[in-house]
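Trainee: I would like a close look at one part of this model. Please take me through it step by step.

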Amino acid sequence: MKPAQSEVAEHAFVSFVERHKPAVFRWAVALAGDVDDAEDITQEVFVRAYHKLDTFRGDGAVEGWLYRITRRLVSGQRTRAARRARLGALPAAQPDNDVYLTDPGARVDRERTIALIREMVDTLPLRQREVFVLCDLQGRTPAEVAFMLGMKDVSVRASLFKARAAVRR
């Protein structure tokens, strides 16, 4: 590539990252359940996307491709974490990310609410968790989720129904 072409390609990829980073980060937080891990995963998603750009067929939405990369990375991270747990490694300390809130009572209420939602979502099976997070927490339609996950629309709706029923219980 000529220098001018590589600059254009670099600028295009930076724009691509800026456009899709918020969604990838939300998916990573929802799947990993930890903001710090989600930041690492988000960065790794775009590194992999850059190196695997030639594997994107273009027959589907780029969001679905990025979501699948995110899902694979989270799954791999969970496998590594389970392996470390079996080996007796201690989990890293969780930093307090809400230090900037000025009202301690609001911070406690917010932390309790977030913890309750995370606990509830973490109890769902993976497929139901993905569908619930994408539809109900991120506002995507079942058709969009079906496309992203490579599922039939009816399967997404069934998983969403089961997830909502579990949340109500």
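Which residues have the most contacts inside the largest nonpolar core, and how many residues does this core have?

Mentor: Keep in mind that this is a predicted model. The largest nonpolar core has 36 residues. Trp27 and Leu66 have the most contacts inside it. Six helices each supply at least two residues of this core: H1 (3–32), H2 (35–51), H3 (62–86), H5 (126–137), H6 (142–149) and H7 (153–168). H1 gives the most, with 10 residues.

Now the setting. The protein chain has seven helices and zero strands. Of its 169 residues, 31% count as buried. Take the contacts with a separation of 6 or more: 58% of them join residues 24 or more positions apart. The accessible surface comes to about 11,300 Å², and 56% of that belongs to carbon and sulfur atoms.

Start with Leu66. Leaving aside residues up to four places away in sequence, Leu66 touches Phe16, His20, Val24, Trp27, Val45, Phe46 and Ala49. Trp27, on that list, is the other residue named above for its contacts inside the core.

His20 counts as buried because its relative accessibility is 6%, and the cut-off for buried is under 20%.

Next, H6. Its buried residues are Pro142, Val145, Ala146, Met148 and Leu149. They lie on the same side of H6, because they cover an arc of only 165 degrees around the axis. Just after H6, Gly150 takes a positive phi of about 70 degrees.

Finally, confidence. The protein chain averages a pLDDT of 77, and 79% of the residues score at least 70. Among the helices, H7 is highest, at a mean of 88, and H3 is lowest, at 73. Residues 86–95 stay under 50. For that stretch, the model has three contacts beyond four places in sequence. Where pLDDT is low, the predicted coordinates should not be read in detail.

Conventions. Residues are numbered from 1 along each chain as its sequence is written. This is a predicted model: local features need pLDDT of at least 70, side-chain atom pairs count only at pLDDT 80 or more; totals for chains, interfaces and linings use all residues. Side-chain values use heavy atoms; hydrogens and water are left out. A nonpolar core is a set of buried Ala, Val, Leu, Ile, Met, Phe, Trp, Tyr and Cys residues joined through side-chain atoms within 4.5 Å. Buried means under 20% relative accessible area, exposed over 50%, partly exposed in between (1.4 Å probe, protein chains only). Helices (H or I, at least four residues) and strands (E, at least two) are DSSP runs, numbered from the N terminus. Contact means heavy atoms within 4.5 Å. Accessible areas come from the Shrake-Rupley method with a 1.4 Å probe; for residues, only the protein chains shown count as cover. pLDDT is the predictor's confidence in each residue, from 0 to 100. The arc is that of the directions from the helix axis to the C-beta atoms.
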